[in-house]
Amino acid sequence: MALLEVRDLSVSFSTPDGVVHAVNGLSFDLEPGETLGLVGESGSGKTQTALALMGLLADNGRASGSVKFRDQELLGMSSRELTRVRGSKISMIFQDPISSLNPYLSIGDQLIEVLTHHRSLKRKAARERAVEMLERVRIGDPLARMRQFPHELSGGMCQRIMIAMGLLCQPDLLIADEPTTALDVTVQSQINALMGELSEKSSTAILLITHDLGVVAGLCDRVMVMYAGQEMEMAPVVTLFAEPAHPYTEGLLNSVPRLDRARSGILNAIPGNPPNLLQVPAGCPFSARCRHAWEACRERPAFAEVGPDHYKRCHLERLPEAPPET
Amino acid sequence: MLNYSLKRLASAIPTLFLLITFAFFLIRIAPGGPFDGERALPPDIEANLAAKYHLDEPLPMQYLRYLWQIVRLDFGPSFHYLDWTVNDLIAQGAPVSFTLGGLALLLALAIGIPIGAWAALRQNRPGDYAVMSIAMVGISIPNFVVAPLLILLFAISLGWLPAGGWEFSPSRMVLPVITLALPMIAYIARITRGSMIEVLRSSFIRTARAKGLPEKEILFNHALKPALLPVISYLGPAAAGILTGSVVVERIFTIPGIGSYFVQGALNRDYTLVMGVVILYGILIILFNYLVDLIYAWLDPRIRYDDQEAGA
């Protein structure tokens with residue numbers, strides 16, 4: 001049984017300009033202990049998917065469809081029931097670690113309250129657990145850190161603390177929303193290494209949201225590529241990098257600068273911009289930017305299996321060989 | 001912290017000195033003098049009065065004399081209330097004004113903050129609109145309208161409370177305290193609502209929700225402190241204002257506070273009385289702004305006034 005079953009998830013926001021359809025009928029499963037990468041450009045609905053799972057959408061947001069966590073429906077759950085799941089069975093870490101921590105409370109207080117609330121631990125016991133957890137995420141001098149405030153720590157340190165906070169209750173699922181985007185490159189790799197190590201050692205499944213394909217290659221078991229709030233391609237990580245089946249995936253892979261290829265002086269990019277989500281695109285959402293688009297693309301393709309555990313939403317039987325140099 | 005406090009105290013002295021100097025010369029520039037009346041006084045008497053109060057001396061001389069008095073904490077005799085010194089007048093009126101103002105301040109905080117937070121949690125819903133409209137009315141209606149209405153209702157129609165007069169008893173304080181507190185409740189509620197809405201949108205509140213904390217805990221442990229900071233900065237000058245009394249409220253409820261001295265002193269050209277209340281007000285403003293800074297440092301760990309920065 002899958003840990004998380006997302007079926008036909010849609011997220012929309014009512015704005016003064018109209019209804020923005022951020023996520024449109026997304027479905028995927030996540031197995032226990034698995035690390036799934038959610039990849040796509042900005043605005044492809046990755047973050048809103050995660051927030052919808054947590055019940056943390058903005059006030060003007062609405063989620064529909066079904067999200068089952070251990071056979072328990074999360075959408076439409078009362079906020080009281082949700083507080084029992086959040087932080088305890090599913091936890092989430094965010095993009096900007098420094099502003100995600102409360103600047104008015106000490107690190108210790110912010111860690112301890114998770115345990116006193118979810119595990120009904122006494123403050124002293126909770127403090128000990130928190131210190132242990134800080135050691136596990138490789139924070140030096142954890143006792144001193146417990147007394148410090150977020151502004152006294154670096155971004156990388158704050159993200160370690162967020163990770164520690166997320167893992168305090170040994171959740172079944174950790175949602176990491178671009179955990180390294182706001183950090184220096186060297187710190188990024190440290191945090192990624194830490195996440196990889198933790199996912200190997202613990203049974204926690206990770207939903208990793210990122211636009212960094214390098215991170216995906218290093219950490220994930222499976223990848224789902226999102227575009228305009230829909231799944232474009234989903235495959236085990238090796239398959240996706242070796243045989244991308246969707247033109248969008250191919251475009252994403254090609255736009256990663258490579259040191260081992262002759263330099264043409266021009267960085268590859270996918271031309272055009274993601275569609276305006278005030279309307280759900282009728283056909284294939286990527287067709288407007290796709291080099292291979294043809295008449296059939298006016299109809300939305302199904303998300304169909306193309307190989308073992310490999311799915312794509314595209315009318316093309318296979319990608320034409322040899323992507324031309326741009 | 002001690003270091004900082006001493007510095008602040010030291011910087012208060014030049015501020016007060018400037019305040020005294022400005023006030024001293026400004027009141028002298030105003031036309032007329034303390035003993036001008038409908039009927040001109042005989043020249044001999046006028047000369048005697050001037051000599052008694054040192055008004056015959058050149059202005060710089062009077063100024064220095066006054067400074068020397070102030071250093072000895074002697075505000076001098078009142079020019080209008082004969083046989084009273086300004087020290088006596090303030091000593092009699094200040095406890096009354098401080099009591100009323102202090103109670104009004106506490107009442108305003110106790111009601112304004114919860115109302116504002118409550119409205120913030122119901123942002124743009126009927127409850128929010130209702131409360132904020134009432135607050136707007138509270139700010140807009142001047143106290144010389146509110147006070148008579150309260151008297152009409154509670155003193156005359158219902159007969160529950162006295163209409164005016166003063167003694168240190170709860171029944172005499174209720175109406176003036178409410179009158180003083182109403183606009184402040186409204187202000188504090190609006191400030192609290194605004195800052196609370198902003199705080200509730202911040203990332204660390206989203207983190208607190210993601211941690212599975214119940215809304216109540218989020219509100220009290222995570223959101224309240226930052227939401228109160230703007231209220232605190234409003235309170236500094238507002239507290240000094242409310243503690244020094246209100247002419248209108250003192251007039252309507254016939255209360256012997258110091259609020260009316262501001263107006264009476266100026267109208268009577270009661271030089272020493274004006275100086276006395278101005279200096280008192282100045283001291284309160286300086287004191288409360290200092291307190292605000294201390295409370296800020298206590299609430300916000302990012303603010304540290306000490307020289308040794310609390311670094312890593």
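**Stop 1: the sheet in chain A**

Select S1(A) and S2(A): they pair in the antiparallel sense over 9 bridges. Helices (H or I, at least four residues) and strands (E, at least two) are DSSP runs, numbered from the N terminus, and two strands pair if DSSP finds at least two bridges between them. For a closer look, pick A:Ser14, whose bridge partner in S2(A) is A:Val19.

Before going on, note that this is a predicted model, where local features need pLDDT of at least 70, side-chain atom pairs count only at pLDDT 80 or more, and totals for chains, interfaces and linings use all residues. Residues are numbered from 1 along each chain as its sequence is written, while chains are lettered from A and ligands numbered from 1 in the order in which they are written.

A:Leu4 sits opposite A:Phe69 of S4(A). On S5(A), A:Phe69 has A:Gln72 as its bridge partner.

Show the whole open sheet: 4 strands in the order S2-S1-S4-S5 of chain A, with antiparallel pairing. S2 (18-30) and S5 are the edge strands, each pairing on one side only. Next, select H1(A), residues 46-54, which packs on the sheet and touches S1, S2 and S4 of chain A. Here two residues are in contact if their C-beta atoms, placed from the backbone, lie within 7 Å.

**Stop 2: where the chains meet**

Select the contact between the chains: 25 residues come from chain A and 22 residues from chain B. On the side of chain A, H2 (79-85), S6 (90-93), H3 (97-100) and H4 (107-118) each supply at least two residues. H4(A) gives the most, with 4 residues.

**Stop 3: a helix pair in chain B**

Finally, select H7(B), residues 170-200, and H9(B), residues 215-243, whose axes come within 8 Å and cross at roughly 155 degrees. Axes are lines fitted to C-alpha atoms, for helices over the stretch in contact, and angles run from 0 to 180 degrees between N-to-C directions. The two helices are therefore roughly antiparallel to each other, a label for angles over 145 degrees. To see their contact, show residues including B:Leu180, B:Tyr187 and B:Ile191 of H7(B) and B:Pro226, B:Leu229 and B:Tyr234 of H9(B).

Methods. Angles under 35 degrees count as roughly parallel, over 145 as roughly antiparallel, 65 to 115 as roughly perpendicular and the rest as oblique.
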